[in-house]
Amino acid sequence: MNKLKLLGKCGLMALALSAVTTAPPASAKDMKFAHVYETSEPFHKWAVWAADEFEKRTDGRHTMEVFPASSLGKESDLNEALGLGTVDVIYTGNQFAGRFYGPIGIAGAPYMFRDVDHWKAYRDSDLFRELAQGYRDKTGNKVITLTYYGQRHVTSNKAIDTPSDMEGLKIRTPNAPLYMMMPKAVDANPTPIAFAEVYLALQQGTVDAQENPLNTIRAKKFYEVQDYINLTGHISDSLLTIVSGITWESLSEKDQKILTNVLEEAAQGATQDILKSEEELVAWFEDQGTTVNQDVDRAAFREAVRPHLTGDNVEWSKKTFERLQAIK
């Protein structure tokens with residue numbers, strides 16, 4: 001081999017070696033964290049924190065961008081995208097995850113929890129871990145934790161004190177059966193509308209009412225187009241943080257642990273923020289001129305719903321229901 005050819009081969013080898021040593025590691029990933037909530041809400045604040053913290057703790061091996069306010073689609077779209085791996089992390093309601101694995105939806109059923117302490121005990125329970133594993137076995141996606149979303153209440157243009165006050169009421173609900181359970185149990189007319197379109201639907205009278213936690217009612221400004229916030233407290237709602245199975249399997253064991261820790265810490269932070277704001281918001285809404293109706297007969301609503309929480313029309317067993325109720 002002549003000297004010119006040898007020098008040429010050496011140069012190509014050096015160039016190839018340089019490309020290998022300067023390229024990012026094969027496991028590096030630009031990740032997308034998508035949700036439907038406003039940038040003003042704690043969920044988004046802590047998602048951004050988690051994204052920054054994950055990049056920091058992985059020494060820049062991974063980056064994560066947060067896409068809020070349905071910018072990558074409505075909640076059902078995000079659940080589908082998770083399975084395709086086109087988004088990497090999402091917040092989603094138990095009810096939406098329940099479309100893929102029914103039993104995990106139990107935490108989104110009306111009047112399922114006695115209080116926040118009961119919900120926290122469920123989040124930390126063997127039952128929750130078993131349901132999360134069942135979801136993973138069915139979908140391949142990895143449930144990390146739960147974030148408290150708040151007690152859901154009904155807003156309307158009239159006072160709602162008892163179940164009979166909701167008869168015939170056209171109320172917007174998310175497009176998942178468990179959100180519709182309470183309205184159906186009291187003979188209201190649940191009407192699914194995309195989250196981003198609810199304000200306009202209320203303003204134009206397409207629906208008469210809607211239901212959401214106090215933080216969401218403020219963030220989405222529903223109080224501007226509704227006269228009453230009726231404290232039905234019908235669902236102690238929470239959001240699952242789920243990682244795409246495709247993404248999860250692409251991460252090293254070390255980075256899986258880092259991501260888990262970051263997302264769990266974010267969930268704890270958002271939960272504390274929501275609990276604090278729930279304590280303060282009744283007075284805030286009243287200062288805005290909205291009537292906060294605290295005279296709701298919750299016992300009557302609970303009694304109306306109770307027959308619907310077990311049986312052939314739900315996707316969890318009576319044993320699972322009883323295990324959840326027994327959690328202290």
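# Exercises on a predicted protein model

The protein has 13 helices and nine strands, where helices (H or I, at least four residues) and strands (E, at least two) are DSSP runs numbered from the N terminus. This is a predicted model in which local features need pLDDT of at least 70 and side-chain atom pairs count only at pLDDT 80 or more, while totals for chains, interfaces and linings use all residues. Residues are numbered from 1 along each chain as its sequence is written, and side-chain values use heavy atoms, with hydrogens and water left out.

## Exercise 1: the whole protein

Describe the extent of the protein and state what share of its residues is buried.

Solution. Begin with the C-alpha trace, which spans about 95 × 45 × 30 Å along its principal axes. Next, take the 328 residues, of which 53% count as buried; buried means under 20% relative accessible area, exposed over 50%, and partly exposed in between, with a 1.4 Å probe and protein chains only. Finally, consider contacts, meaning heavy atoms within 4.5 Å: among those between residues at least 6 apart in sequence, 75% join residues at least 24 apart.

## Exercise 2: Asn141

Work out where Asn141 lies, and which residues it touches.

Solution. Start with the chain, where Asn141 sits in the loop between α6 (126–139) and β4 (142–156). With a relative accessibility of 5%, Asn141 counts as buried. Leaving aside residues up to four places away in sequence, Asn141 touches Leu82, Gly83, Tyr135, Arg136, Ile242, Val243, Ser244 and Gly245. For Ile242, which is 101 residues from Asn141 along the chain, the two C-alpha atoms are separated by 6.8 Å. For Gly245, the backbone nitrogen lies 2.8 Å from a polar atom of the side chain of Asn141.

## Exercise 3: Thr290

Decide whether Thr290 is buried or exposed, and list its contacts.

Solution. Thr290 belongs to the loop between α11 and β9 (291–293). Its relative accessibility is 5%, so Thr290 counts as buried. Not counting residues up to four places away in sequence, the residues that Thr290 touches are Tyr223, Gln226, Asp227, Tyr228, Ile229 and Phe285.

## Exercise 4: helix α7

Explain why helix α7 is described as largely enclosed.

Solution. Helix α7 covers residues 177–185, and seven of its nine residues are buried, so the helix is largely enclosed by the rest of the structure. Those buried residues are Leu178, Tyr179, Met180, Met181, Met182, Pro183 and Ala185. After α7 comes Asp187, which has a positive phi near 65°.

Conventions
Polar contact = N/O pair within 3.5 Å; in protein donor to acceptor, adjacent residues only side chain to side chain.
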